[in-house]
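Have a look at the model first, and then we can go through it together.

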Amino acid sequence: MEFKVNKADAVKHEVEFELSYEDLAPHFEKAIKKYQKKAEIPGFRKGKAPVSMIKRMYGEMIEQASLEDVANEVYKNYLDENHVHPLGEAQMVDMDYENRQLFKFKIKYEVKPDFDLADYKGVQVSRTVYEINDKILDDEVKYMQSKHVTYEPAEKADGDEFTITMDVQKLDETGVDIIGQRDKDVRFYLNDPQINKEFKEQLDQIAPGEERVLMLPGQEEGTTEKYKVFCTKVEKVVFPELKEEFYNTIYKDAEIKTVDEFRAKVRTDLEGIYKNIGDQEIRNNIVSELIKLNDVPVPDALVENILNSYVEDVKNQNPKRQLPAGFDEEEFRRTKRSEAILQVKWYLIRDKIVEQEKMEVSEADLEPVIEADAKKYNLPVDKIKTVYENNPDVRYRILDDKLMNFLIENAKIKDVLKSDENEAENTEETTDEDKEAKPKKTRKKKS
């Protein structure tokens, strides 16, 4: 038997096999004996007809029918003997058999690419850092209060902290009701930042039982739409006072008695939240930078695996594990392909760095994870340990954290300090991953 490997690129390979009839003979003998076991020939019990008779009567047919199995077996032996590890399913692209003379076939497959890894130590990345100033702290306290508001009936809406319940009817240009364009008991919070400014102004001082016609911007630029509204209820939004009762509602396990103590607790919590956000931002930026620095050939088989997992995620959101009605899987895969390619590139880079740095998960790495999860799930340490020691997903997660900590420790990180107005105040290079990072955020209270 002879074979030749053609490499189209770093991941796409094609192997050509050429087998003489002598090479094929053992495979054909195996196929004939397999056929013999189920052959039913008059004068013989099932499976007892002589091999010579089977060959004479059906030999050529059996040989032709077994060629695909022969090709699969030869290909498998080639992989084992040459330590080739293909990705995904191989593809038979050509097969030609000259009766009792020569069998030729070609198989295409993909392999994990070998590539030169760019320097991954000293990667330069930036991180947005927000100072937790009084405005951010005030906004957070206000947001926490907004989750515990109460409502009091009011005679009219004479400010922002009111909710209005109305029946809303859309009108045509002449002021006539448009059938099917009526909504009852629609509730609006006037201090919602998403509310249209003109809408809010035209509701100023509205009272229960009052009817108004509102002119609001239309969906197309330069147009207006007319609505008739009937106010059925006005309620004043009452925020809880900053006192001990409220503090205990928010922090049940902490003894907080004063405004200063409460604000200090909120600040500490924010610092922890934004440190985690900053750490994740650095991880994302390092991954993005390493993808940019490395020209990684991407096997289609791995991309398809990722896309398959995306589709499975969509199915898992349905109790019956089915795709939603009308779901365009082909379009979904197309839009997600770029994301899947980036994910594959990172997997390949990650594995290359792990291999180059000879990283592995030791018992010492497992211990703190086992103890933390045992406490988290209130399970015996021994039980968690038995599961985790042989769980590849747990080891993968630990190894991933180990790799990222290594990359962060060796990265050149530029912190970009910004004010609440999102203007740069200061920048400095650092390798300290413990600085707080806070991206700008806005929260609104929902009525």
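Strands β1 (residues 2-7) and β2 (residues 12-20) run antiparallel and are joined by 6 bridges. They form a hairpin with 4 residues between them, and Asn-6 has Glu-14 in β2 as its bridge partner. Please keep in mind that this is a predicted model. β2 also pairs with strand β4 (residues 102-111), again in the antiparallel sense, over 9 bridges. There, Glu-18 stands opposite Lys-104 in β4.

Is β7 mostly covered or mostly open? It is mostly covered, with 9 of its 10 residues buried. β7 pairs with strand β10 (residues 224-238) and with strand β8 (residues 177-189). With β8 it forms a hairpin that has 5 residues between the strands, and Gly-175 in the turn has a positive phi of about 90°.

| Strands | Bridges | Residue pair |
|---|---|---|
| β1 and β2 | 6 bridges | Asn-6 and Glu-14 |
| β2 and β4 | 9 bridges | Glu-18 and Lys-104 |
| β7 and β8 | 7 bridges | Thr-165 and Arg-187 |
| β7 and β10 | 10 bridges | Gln-169 and Lys-228 |

Now for the nonpolar cores. The largest has 44 residues, and the members that touch the most others are Ile-286, Leu-290, Trp-346, Ile-349, Ile-353 and Leu-407. Helices contribute to this core: α6 (259-293), α7 (300-316), α8 (329-356), α9 (363-377), α10 (381-389) and α11 (392-409) each supply at least two residues. Apart from it lies another core, of 19 residues, with Tyr-78, Tyr-97, Phe-103 and Tyr-109 among them. What does Leu-290 contact beyond its neighbours within four places in sequence? The answer is Tyr-120, Val-123, Trp-346, Ile-349, Ile-353 and Leu-407.

Finally, the chain as a whole. Its secondary structure comes to 11 helices and 12 strands. The radius of gyration is 35 Å, well over the 22 Å that the globule rule gives for 447 residues, so the chain is more spread out than a compact globule. Along its principal axes, the C-alpha trace spans about 105 × 60 × 50 Å. Of the 447 residues, 36% count as buried, and the chain exposes about 28,000 Å², 46% of it supplied by carbon and sulfur atoms. Among contacts with a separation of 6 or more, 66% are between residues 24 or more positions apart.

How values were computed:
Residues numbered from 1 in each chain as written. Predicted model: local features only at pLDDT ≥ 70, side-chain atom pairs only at ≥ 80, totals over all residues. Heavy atoms only, no water. Core = buried A, V, L, I, M, F, W, Y, C linked by side-chain atoms within 4.5 Å. Buried < 20%, exposed > 50% of the residue type's maximum accessible area, 1.4 Å probe, protein only. Contact = heavy atoms within 4.5 Å. Pairing = 2+ DSSP bridges. Rg over C-alpha atoms; globule rule 2.2 N^0.38 Å. Areas by Shrake-Rupley, 256 points an atom, 1.4 Å probe, with all protein chains shown as cover.
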